[in-house]
Amino acid sequence: MGEQQVRRTALELLVRISEGGGFSHILLHQTIENGSFSSKDAGLLTELVYGTMQRKMTIDYYLDSFVKRKTSPWVNWLLSMAVYQMVFLDRVPDHAVIYESVEIAKKKGHKGIASFVNGVLRNIQRKGLPSLDDIQDPIKRLSIETSHPEWLVRRFVRWYGMEITRKMCQKNLEHKKVSVRIQPLKADRDEIIHILKKDGIIGTASRISSQGIVIQKGNVIHHPLFEHTLTVQDESSMLVGEMVDAKPGMTVLDACSAPGGKTTHIAEKMQNQGKLYAYDLHPKKAKLVEEKARALDLTIVEAKGADSRNLEPFHSPETFDRILLDAPCSGLGVLRSKPEIKYQKTSEDIRQLKTVQKELLQSISPLLKKGGKLVYSTCTVDREENEQMVEWFLNHYPDFEVDPDFSRDLPEVCQRLPGLSKWGLQLFPHDLDTDGFFLTRLRKKGV
Ligand SMILES: C[S@@+](CC[C@H](N)C(=O)[O-])C[C@H]1O[C@@H](n2cnc3c(N)ncnc32)[C@H](O)[C@@H]1O
């Protein structure tokens, strides 16, 4: 496949993602799996899609003074992709970027569009880009410089201050390393690191989970160990499995389980002994949990499609030793792998999600045994969905408290992070190079 075909595919994906036709990481994965991409082509495709999407607001700022007429979405994305390569990538010389972009414009549009694209890009080359220093307001500047909508930057700054917000927004522009979790009933972490090394994949032991390996070099997805022994999982998510504190023989509920990364981790911690009920609102997604558990030989998992706001027909009060509520959330912690989220989410979405989070907490909490533990987690950096949600819950359910052992039980590397508060731990992406993530562990009083 030639580079021009890769660029055309990248353009199609960018248009689709921006029109809400799918998440970037899923579409990229499917396109690469189904197409005949060499690993070099797959690398370029990923770079173009992620890079252009990540930097869209900065690129729009640059393009603004050069594009004086309304353009169709694909032309806008074609120009954006070209600017991304000219400004942020060294690998292709500008004249080649302009040539390729004009060729694509000719094929996809007509001569007029091709000459418009040529004109804009040559103008940029000749005149240079406007300076970001012209933006006086520091919030606006950070917003444009790091491509995060202004309302979001204001929200972050209000809660976490300018310094943390800046570090987080800058981190969100970087590539994220892949990490995997080993199935400990099948393999030993050091052994796996050794096997991977022999196959040219360099992995290092996670500081967050005893089962985690951070991949420093190489592609683990096509390794024969994948699927039956290894699960791709961000280290922040592994922290959940560590903190649920599930033991062999317990009865455990995972209320929002799909696609099953945390369910299977908990089942591993239980050494596949006891019972683990895993629900998800969408039966199709619950099937994924079942498949994942089967692939890892974890037979204690029973996955079902159900609304966890109404589990009464299935379970009596005070049934579970442990409950995980990995709640549906705004996803503002995973902007490195789903950059489009930052442009699509609204404060109204957050308001609606908070209602669901509250309803879930209300309905599952009676199912926990006295003395039992409930982990509440989200993959977002949003105080309303995190700390304030915990505060609301504890105010309304005085039979719960933040587990006094919560911070003591955290891995050492998490114990002095700035996001640790009396409500739980807010991990920022720049803290430990993970996703942004929140978790807390609550305990039902009475024993
Ligand atoms: C953050 S994801 C869970 C990720 C999962 N714990 C993992 O580690 O793979 C939240 C999940 O909650 C599910 N969900 C949303 N509302 C729900 C509800 N009312 N009852 C059960 N599941 C729900 C969504 O379908 C989604 O799969």
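Biologist: Is Cys379 buried or exposed?

Modeller: A residue is buried if 20 or more other C-beta atoms lie within 10 Å of its own, exposed if 12 or fewer, and partly exposed in between, with C-beta atoms placed from the backbone. Cys379 has 24 C-beta neighbours inside 10 Å, so Cys379 counts as buried. This is a predicted model: local features need pLDDT of at least 70, side-chain atom pairs count only at pLDDT 80 or more, and totals for chains, interfaces and linings use all residues. Residues are numbered from 1 along each chain as its sequence is written.

Biologist: Where does Cys379 lie, and which residues does Cys379 touch?

Modeller: Helices (H or I, at least four residues) and strands (E, at least two) are DSSP runs, numbered from the N terminus. Cys379 sits in the loop between strand E9 (368-378) and helix H16 (387-396). Contact requires C-beta atoms, placed from the backbone, within 7 Å. Leaving out residues up to four places away in sequence, Cys379 touches Cys329, Gly331, Gly333, Val334, Asp435 and Phe437.

Biologist: Which residues are closest to the ligand?

Modeller: A residue is near a molecule if its C-beta atom, placed from the backbone, lies within 6 Å of it. The ligand is surrounded by 21 residues, and the closest are Cys256, Lys262, Leu281, Ser308 and Asp326. Helix H12 (261-269), strand E6 (275-280) and helix H15 (347-364) each give at least two residues to this shell.

Biologist: How many residues of domain 3 are in contact with domain 4?

Modeller: Domain bounds come from an automatic or database domain assignment. Here domain 3 covers 179-232 and domain 4 covers 235-444. In domain 3, 15 residues are in contact with 16 residues of domain 4.

Conventions:
Contact = placed C-beta atoms within 7 Å.
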